[in-house]
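Hello,

Here is the structure I promised to pass on. Please open it first, then read my notes below.

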Amino acid sequence: MIHSKKRPFDMRNLSVIFVLIISLLLVCGCNGGSDDENPTTDGESATYRTVSGTITSAGNMFADSDVNDPNANYTSNDSFDRAQTINISDDRATVSGFVNVNYSGPMGGRFSITGDYEDFYQVVLTEGMTITLYMAENLRTSELDLYLYDSTETLTGSATTNSNGIASLTVPSNGTYYIRVVAVESTTLRTSTMYALILGQIDINGTGQLRLTDDFVSGEVLVQFEDNCSDVVSLSAAESKAVSALGFTTKAGTTSRDKLLKPDASTDRDTLFDTLGVKDAFTRSIGPGYMDGTSKEKLETLWMIRGLRNQSGIKYAEPNYIRKAFNIPDDTYYSQGKQWNLPLINLEDAWDVSTGSSSVIVAVVDTGVLLDHPDLKNQLVDGYDFISDDTISGDDESGIDSNPDDTGDQSNSDGTSSFHGTHVAGIIAAQSNNTQGVAGVAWNVKIMPVRAMGIGGGTTYDVMQAVKFAAGLDNDSGTVPVDPADIINLSLGGSGSTTYEQEIFDDVRDAGVIVIAAAGNDGESTKSYPAAYDGVVSVSAVDDSKNFTSYSNYGSFIDLSAPGGTSDQQIYSTCGYDDRSGTDVSYAYTYGQMYGTSMAVPHVSGVAALMKSLYPGLTPNGFDGLLAGGYLTQDLGDSGWDEKFGYGMIAAKKAVDIAYQSSVDDSLPAILAVTPSGLSFGTALTSSDVTLSNQGGETLTVSTAVSDASWLSVAAADVDDSSLGTYTVTVDRSGLSDGSYSGTITFSGSSRNDAVVDVAMRVGTYAETTDGGYHYVLLIDSQTDEILEQFSSAGDSGVYQFDLTQALENESVLIYAGTDADNDGYICGEAEACGAYPSLDSPQAITIKGDMNGIDFATDININFPGVSVPSNRTTSRSTPAGFPLKLKDTAESEEKNSASTNRGIRLRTP
C-alpha cells in the first residue's frame with residue numbers, strides 16, 4: 001500500500017533563509033553531557049538534557065544502495081551482476097532511490113561529478129503486479145526510463161516517465177525479474193532526481209507514458225505543431241520545412257492540425273536521432289540485456305517521439321496506437337429470439353415509454369457495417385471509412401473514402417471475419433417489430449457507420465479521425481455529417497494513452513456528444529483506452545445472472561456495467577459471413593453471437609439514445625450527473641460505486657423515466673455529487689477535502705453529513721447557503737490498534753440521491769523491517785522552528801538508535817527524522833524517508849524534563865502522487881528543495897555548546 005505523507009512544514013510554501021555548505025551532511029557531535037551546566041550569552045547557566053530513542057523504518061521499505069549522500073553506505077547496483085535484491089512480502093515493496101547524469105544535482109555528493117546513471121534491482125514478482133516508478137523532482141529537466149527484464153536478461157517491457165513523473169509496467173508472468181531505472185541525458189535533459197519505485201498495485205494517472213509493451217505502429221508518430229502563425233500558407237510552408245528538417249515525411253494530416261509522420265526513407269537512424277538530440281540517450285537505453293528485432297523497432301519509434309517532444313514548435317508527439325475490438329467471437333449460432341440481455345435491463349417496460357426517435361444518431365466507430373443487412377439497411381445514415389492503410393482496410397479503395405461498408409477483418413481462424421461493427425450496430429438499433437431477425441435496444445434511432453478498424457484492428461490516428469467526423473469536427477475527410485452524432489459507441493480499445501486523444505475527447509464532449517467505450521477484456525485492473533479517458537463513459541460486463549464477468553476489466557475508471565455475456569450465454573445480434581474460398585469474396589447477411597465488453601457498450605449507447613429521444617437537452621454532463629445520482633442503474637456489488645460495476649448495471653426503465661420527467665420539467669432533477677468519491681489516507685494523512693456540487697437543474701440543499709465510523713469525521717470548510725462546496729474529512733488514529741480501516745461518509749439533502757465518500761486508512765507500520773537508508777534525526781524548537789541539534793546513523797537493518805544531548809531543560813521540542821539521499825541538504829523530500837514523534841500524521845511537541853528515553857517512532861518513504869485520491873500540491877515547476885533543512889554546524893563545537901540561542905541551524909518561518 002502506498003502512503004502519501006503530509007509534511008507539517010513544506011518548503012515550497014515557506015520563505016527559507018539558508019546557507020548550504022558541503023559539510024552540512026557531516027555527522028554531528030553528540031557529546032553534550034546530560035547534566036552539564038554551561039554559561040549562556042547573558043551569563044546565566046543552562047541545563048542540557050539527553051533525548052534518546054529508536055527509529056524503525058517501515059517494513060517493505062528499501063533504500064537504493066548507491067545514493068548521492070556521501071555519508072550513506074555504498075554498494076554499486078549499476079549492472080545485472082550487481083543488482084540489488086528486493087524482497088517482497090504482503091505483495092508490496094517500496095524503494096527510495098536516486099540517479100543523475102554527470103555534473104548534475106546537488107554539489108558535494110558522491111555522484112555530483114561522475115553521475116549515477118542507472119540502478120538495477122532483482123526481485124521475484126507475480127503476474128499482474130504493477131511496477132510504478134515515481135520521479136519526485138526536477139520534472140522540467142529530468143526524465144527516467146523504467147525497464148523490466150526476465151531472469152535471462154531479456155527485455156520484456158519499458159516505460160518512460162510522463163509529465164507527472166510517473167511510469168508503470170505490468171508483470172507478464174510469475175518469476176524472477178530485473179528492474180532497471182535509468183537517468184535520461186539529452187540536449188534538453190540533465191536528469192538528477194530522487195525516485196520511488198513501488199512494487200504492488202496502485203491506481204495512478206499514467207496518461208502520456210511511452211511503454212514498449214503497448215500496441216502501436218512502429219515507425220509512425222502522431223504530431224501536432226504549435227499554431228504560431230495566422231497566415232495558413234506561411235504556416236503550411238513552415239510545418240513542411242520543419243518536418244523535412246527533422247528527417248520525417250508526412251503520411252497523413254493537414255496544416256495546423258494533427259499529422260501522421262514517418263521517418264524519411266533516405267535518413268538513417270543515427271542521423272535521425274542525432275538531429276533529434278537523442279542519439280546518445282537512445283544508445284544508452286539499449287543498454288545490457290537482449291531484445292528482439294520487433295522490440296528494437298518499437299523502442300526506436302518511442303525515441304523518435306521523445307526527440308520530437310524536445311523540439312520547439314511541437315505541441316505534442318505520440319505513438320499511433322493500435323485499437324482492437326473487445327469481443328470474444330464464437331461461430332455457434334444462438335437460437336433466434338433468445339435475447340436474454342434485453343429483458344435483463346428491463347427494456348420491455350422501457351419500450352412502453354419510448355422506442356427511440358429517428359432524430360437521434362448513434363455513431364458506431366468500428367469495423368464498419370454491412371450496409372445491406374436487412375435488419376440494418378433502413379436504420380443507417382451516411383458514414384465514412386477512415387482506414388488510411390490499405391493493408392488494414394482490405395477493400396478495393398485506396399486510402400480513406402465515403403463507403404463504410406464492412407469488407408471483413410479476416411480475424412477468425414478460418415480466415416472469415418467477425419463483422420464486429422454490424423453486431424454492435426444491431427444491439428443498438430436493429431430494425432424491430434418487423435417479424436424478422438432481432439430487436440435492438442432503440443428501435444427507431446439511426447446508426448452512423450464509421451469504419452476505422454480492419455485487418456488486425458485499427459490505429460489511434462484512424463479511430464480519432466472517425467470520432468472527429470462523427471462529432472462534426474474538422475477531420476481528414478474534408479467533410480462533416482449534415483447531422484453529427486448525439487452518441488458515439490466505441491466497442492474497442494487498447495493500452496497506451498495520449499494527450500492527442502484526450503484533447504479530442506474534450507472537444508467532442510464540448511460539442512455535446514456522449515462518448516461510451518468498452519472497459520476491456522483483460523480480466524484485470526489495467527486501464528483500457530479510450531474508456532479510461534476523462535469524459536468517456538466506461539462500461540464493464542455482466543453475465544445473464546448479473547454477475548461480474550471474469551474477462552471484464554475493472555478499476556477506478558469504470559462508470560457502469562451492462563450485459564456482455566459469457567461463452568455459455570452470448571449476445572445475439574446482426575452479423576455476416578464472408579466466403580473467401582473462390583476468386584471473389586461473397587457475403588451473406590446472418591445473425592450470430594458474441595460476448596465481451598464490446599457487447600456491453602451498445603446496451604448503454606442504446607439506452608442513452610432512448611433518453612436523448614425523450615429529452616433532447618441531455619448533455620454529457622447531464623448523463624454523468626444522472627449516472628452518479630443513481631437514476632440510470634440498478635446497484636450491484638458493493639453499495640454505491642465500486643470498481644467492478646461502477647454505479648451499477650444499466651436499467652432502461654429507470655433511465656427513460658427520468659428522461660421523460662426531465663422533458664416535462666424542462667430540466668434535470670437536483671443531483672448531489674461529490675468529488676472525489678474515495679479517499680485513501682494511508683498511514684500518514686489525517687485530513688483531505690471533498691467537494692459537493694449540484695449536477696442537475698433543480699435547486700438542492702445539503703442537510704446532513706454522516707460518518708459510519710468513530711475515527712472518521714467531516715466538517716464544512718467553505719460552503720454556500722445551500723451547504724454546497726468544500727468539506728474537510730478527518731481521521732483520528734489515536735487509540736486504534738494496528739491494521740486497516742474503512743468507512744463511509746454520506747451526504748444527504750433535498751435531492752433524491754445521497755452522495756457517498758469511501759474512506760480507507762491504516763494504523764501502524766508493517767511488521768517486517770528493512771534497510772531504510774542513512775537517517776538524520778533533528779531536534780527542533782517547537783516555537784521558533786530552529787534546528788537545535790542533529791544526529792545521524794546508518795542504522796542496523798532499518799533500526800536507528802539516536803541520542804540527542806543538546807536539549808535544554810523546559811524547552812519544547814519536535815523530533816523529525818529522515819534521509820537525504822540526493823544530498824540537497826534537506827530530509828523528508830519526496831521519495832525520501834520521513835517520520836516524526838510520535839507519528840508523522842500527528843507530530844507532538846515534548847517539553848524537556850530531565851533526560852528523556854524511549855522516544856520511539858517510525859519512518860516511511862514520503863510519496864505524494866499526482867492523479868490519485870490523496871491531496872497533492874506538487875507541480876512540474878518545482879525549483880526549491882522540499883522537506884526540512886539539515887542543521888548548519890559551526891566549526892567550533894565549544895561555541896555551539898556555550899550558546900542556547902545562536903549557531904543552532906536554520907530558522908524556519910512558522911506555517
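How many helices and strands does the secondary structure of the chain come to? The count is 14 helices and 48 strands. Keep in mind that this is a predicted model.

First, the whole chain. It has 911 residues, and 58% of them are buried. Now take the contacts between residues at least 6 apart in sequence. Of these, 75% join residues at least 24 apart.

Next, look at helix α8, residues 420-429. Is α8 largely enclosed or open, and why? Buried here means under 20% relative accessible area. In α8, 10 of the 10 residues are buried, so the helix is largely enclosed by the rest of the structure. Among them are Gly 421, Thr 422, Ala 425, Gly 426 and Ala 429.

Two packed helices are described by the angle between their axes and the distance between the axes. Helix α11 covers residues 597-614. The axes of α8 and α11 come within 8 Å. They cross at roughly 35°, and the crossing is right-handed.

Which residues meet there? From α8 come His 420, His 423, Val 424, Ile 427 and Ile 428. From α11 come Ser 598, Met 599, Pro 602, His 603, Ser 605 and Gly 606. The residues of this contact divide into 5 nonpolar, 6 polar and no charged.

An α-helix has 3.6 residues a turn, so residues three or four places apart point the same way.

Best wishes

Key. Residues numbered from 1 in each chain as written. Predicted model: local features only at pLDDT ≥ 70, side-chain atom pairs only at ≥ 80, totals over all residues. Heavy atoms only, no water. Buried < 20%, exposed > 50% of the residue type's maximum accessible area, 1.4 Å probe, protein only. Helix = DSSP H or I, 4+ residues; strand = E, 2+ residues; numbered from the N terminus. Contact = heavy atoms within 4.5 Å. Axes fitted to C-alpha atoms, helices over the stretch in contact; angles between N-to-C directions. Left-handed = near helix turned anticlockwise from the far one by under 90°. Nonpolar A, V, L, I, M, F, W, Y, C, P; charged D, E, K, R; others polar.
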